[in-house]
Structures are given as C-alpha cells and as structure tokens.
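Colleague: Could you walk me through one residue up close, and then a bit of what else stands out?

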Amino acid sequence: MLKLKRVSARYDMLGSYVQAVDRVDFEVRKNEIFGIAGESGCGKSTLLKVMYDLVKYPLEISSGSVEIHTERKDGSPVVYRNGEIHKSWWKVISYVPQGAMHVMNPVARVKGQFFDAIGSYHDKKSKKQLQEEIVRYLQELELPAEVLDAYPHQLSGGMKQRVLIALATFLHPDIILADEPTTALDVIVQRGILTMLSRVQKKMKNSMVIVSHDMGVHYQITNRMGIMYAGQLIEVGPTEQIFENPQHPYTRMLINALPKVGDNSQREGIPGTPPSLKNPPGGCRFAARCPLAMDLCRAKEPAETRVGEDHFASCHLLEDDYSIRGGDSVAR
Ligand code: SF4
C-alpha cells in the first residue's frame, strides 16, 4: 500500500543540512494501523510530511523513494511516487496535522472549510446535496451537525480534532496519516479520539499511520509500529511483540519509562539527550546513552537484524556474527 525505500530527507540550513530522516525503510500494509514512536525531534513528523509529499524548501528528499500502490475505480493498478503523491491528496491519502487548535482557518465556519477542501471532488453535486452528505457523515461519526455552522474558536480542542478527522476521512482515502492526534488533550478526550480513529479504520479497512511520542497511544491503537531514534528506524514489528519483547535497548528503555498499574516504584527516564542531526555521530547513534554500548558500537553502524516473526531491530548485540564472537568485545 505505502512503501518507503531507504528514504532520507534533510533541511537545508543555508550551507549545512539537518538530516532529519536517514535511510528509513518500511511499508504500511492494507487494513492496519501503523505507529511511529520516538522522542521529540527524532524525525517522526518530518517522515510523515515526506509520506504525504508535503516536501517544501527547506525540506528535501535527498535519496530513496515513497510509493503508494493502489487501484483506480475500474480496478486497474496505479502507483503514486514522491513528487506526485500530492495529486492524490484527500482521495487516496489524507493527513490530520498536528495541533488542531491552529490549523483551521479562524475566520471561516467549519462548513466553509469542508467545501474548500473537498468541494472540487463533488463538482457535479449542488452545495445542498454536498452539505447533506457531510451531515450524514458527521452523524456516522457521532458528531452534531451544528458544528458545521461554528467557527473554530467556538469548538473545544477535542471537537476541533474530531472535525479535522472527519474532514480528512470524508472521501474514504486509502491511507490516513495522523500527526500526534492526541497531543494537548486530556485523557478522556484522548480516549475518544483514539476510539474514533480506530472505528474509522475498521469501517473503511484502509491503512492508517499514527505518529505519537506517547507509547500508550501505540499500545492502545496500533497493529504494528516502528521506533525512531535520531532520524533512523531502529526497531519495527507487531505492537504486541514490541511491548512484550522489545529487542533494541532504546525501545526497552522507552517501555520501562512507562507507568505501570499497581507499581509505585520510580520509573526510570532515559539519561542524556539525542545527538544533533546536523552532525550525527558515526556508529550506533544511541551509543552515548546506551548502557550496553561497546567499542564496536561507536565504530560501526549496526545492521538491521530479524529478531522474530515480522520483527526487526538494529543493534550489534542482535547480530549473528556478534553471538558467534561470544560478545567478548563488550566494554560496559
Ligand atoms: Fe547499544 Fe551498541 Fe546496540 Fe547501539 S548497537 S543500541 S550502542 S548495544
């Protein structure tokens, strides 16, 4: 459905580059919710922009490709590649941006925002017919029709987020991308938004990509997930396996930092900060923070290793030749 082949993307900082995404390789399958997790600044949101073809200066794709494989109405196959994916916005791929509070036009009623965004796809219908369809869709999503007459400032943060999800999914796209859909919302509203996204996906049986720094969000809603660190994807696999049996030291630390019901002990944070993406270190980028780092880690980048059914991670400790060596070069 959506394939990323060794994609690298960077910001041109007038003479230097910030390599926000570095050789990222994965695919999002039909009828699944794929999560992308990691600390702030690890490149998650840039990756989502690259998938959506929202690549404008100073952002550029420096290598690799993004492809959407789908079908036309008549069933014939069609492929959209980066640089042309924007031609399929709304109908094939759509995007729920971060910060519902700020992305809506503050001086236009919600109705106007629907007409502006999707009116051109329904040019054979009158405004009245289109509005009736929008009302029916809002009702399916359990949203009151009255929101159409409201201005964004008259809606709560949660309602704005729901409206954005309704707008992004109205044309039943094959792929929906959502950037931090629950940020800045209280826990009850967060749960409502996640339930709404999950219901939409189950009904449309399409593919959804959710970017969130909140591991709890991934646990609740995603089927598979990838963990990003310093612009690279360092572990990818089924969400259940990642939570039950995380393989990369960084993933383990992210999961150990989560609060657990009935466990009042102090949670351990991850010491240190991620490296600068302007001049990232050689070898494993996590080495400066990894309690298991060895000399090899600072000298050589780890390769991706298969660690289970559909589960991959990049760490020297998981590589076959490391187990053959017996780990004798460990310098903890
Ligand atoms: Fe830690 Fe080395 Fe594995 Fe990197 S490669 S995560 S530094 S053990």
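Modeller: R81 counts as partly exposed because its relative accessibility is 41%, between the cut-offs of under 20% for buried and over 50% for exposed (1.4 Å probe, protein chains only). Before going on: this is a predicted model, so local features need pLDDT of at least 70 and side-chain atom pairs pLDDT 80 or more, while totals for chains, interfaces and linings use all residues. Numbering runs from 1 along each chain as its sequence is written, and side-chain values use heavy atoms, with hydrogens and water left out.

R81 lies in strand β5, residues 77-81; strands are DSSP runs of E with at least two residues, helices runs of H or I with at least four, both numbered from the N terminus. Leaving aside residues up to four places away in sequence, R81 touches V66 and E67, where contact means heavy atoms within 4.5 Å. With E67 there's also a side chain to side chain polar contact at 3.5 Å, that is, a pair of N or O atoms within 3.5 Å, one able to donate a hydrogen and the other to accept it (for residues adjacent in sequence, both must be side-chain atoms). L2 sits 79 residues away along the chain, with 9.8 Å between its C-alpha and that of R81.
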